[in-house]
Amino acid sequence: FKPTIEYIPLTGKEISVLKTAKNKKLLYILSTYGSLTIVLIFAMIKGWTNAYAYGEGELVRVNKIGPYFFLFIFILLTAYFIRYYFQSVHPYVKDLREKQKKTIFFQPLRYKTPAFEDFFLTTPIEKKALVRITRYDYEEFINGDTLCFDTAPHSGYIFRLLKNEKEIKFS
């Protein structure tokens, strides 16, 4: 059974859920980037003030090498957070811009971890190959049942998972 995919417009509630998730991730990135930049500035100032204690030769060396070193660290830090932004926040921006969700009808397989009491369903989505479900839903589910899966196409955010119009709880 090959999965059937439909694109449906997002509802207002789903748009607000995506905006909330995007804003949480963006707040995390900006606060971390800002904090590390402030620490970098304080380290640069501390290096210059400590150079005075060791004499004029050390001060000249810190004035020549210090700005290049801190600029290099700042560029690395900025590049890392730009890359992290495009991996974590930008897919949500693309989903909000397109305002469509992907509805997938598929037949998943049940999976239980051997060592722990975790229950999963397999999905045809690369980003979410396994979706954790409750024990009750796991026991109710039979291999071969058709499920409906609503997800954001770029971010992979799962809105809901339905079996015969009954919503399955997942995490």
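How many residues lie between β3 and β4 in their hairpin? Point 2 has the answer.

1. A word on the model first. It is predicted, so local features need pLDDT of at least 70 and side-chain atom pairs count only at pLDDT 80 or more, while totals for chains, interfaces and linings use all residues. Residues are numbered from 1 along each chain as its sequence is written, and side-chain values use heavy atoms, with hydrogens and water left out.

2. Start with the hairpin: β3 and β4 form it with six residues between them. Strands here are DSSP runs (E, at least two residues), as helices are (H or I, at least four), numbered from the N terminus. The two strands pair in the antiparallel sense over three bridges; pairing asks for at least two bridges found by DSSP. Tyr111 has Phe120 in β4 as its bridge partner.

3. Phe119 is partnered by Ile133 in β5, and Phe120 stands opposite Arg132.

4. Next comes another open sheet, with five strands in the order β1-β2-β6-β7-β8 and antiparallel pairing. Its edges are β1 (4–9) and β8 (166–167); each has a single partner strand, so one side of each has no neighbour in the sheet. Six bridges join β1 to the antiparallel β2 (residues 100–106), and Ile5 stands opposite Ile104 there.

5. Finally, the helices. The axes of α1 (residues 12–54) and α3 (residues 90–98) come within 9 Å and cross at roughly 155°. The two are therefore roughly antiparallel (the label for angles over 145 degrees). The crossing is left-handed, meaning that the near helix is turned anticlockwise from the far one by less than a right angle.

6. Where do α1 and α3 touch? Residues including Leu18 and Lys22 in α1 meet Tyr92, Val93, Asp95 and Leu96 in α3, with contact meaning heavy atoms within 4.5 Å. The contact residues divide into six nonpolar, no polar and four charged (Ala, Val, Leu, Ile, Met, Phe, Trp, Tyr, Cys and Pro count as nonpolar, Asp, Glu, Lys and Arg as charged, and the others, Gly among them, as polar).

Note on methods: Axes are lines fitted to C-alpha atoms, for helices over the stretch in contact, and angles run from 0 to 180 degrees between N-to-C directions. Angles under 35 degrees count as roughly parallel, over 145 as roughly antiparallel, 65 to 115 as roughly perpendicular and the rest as oblique.
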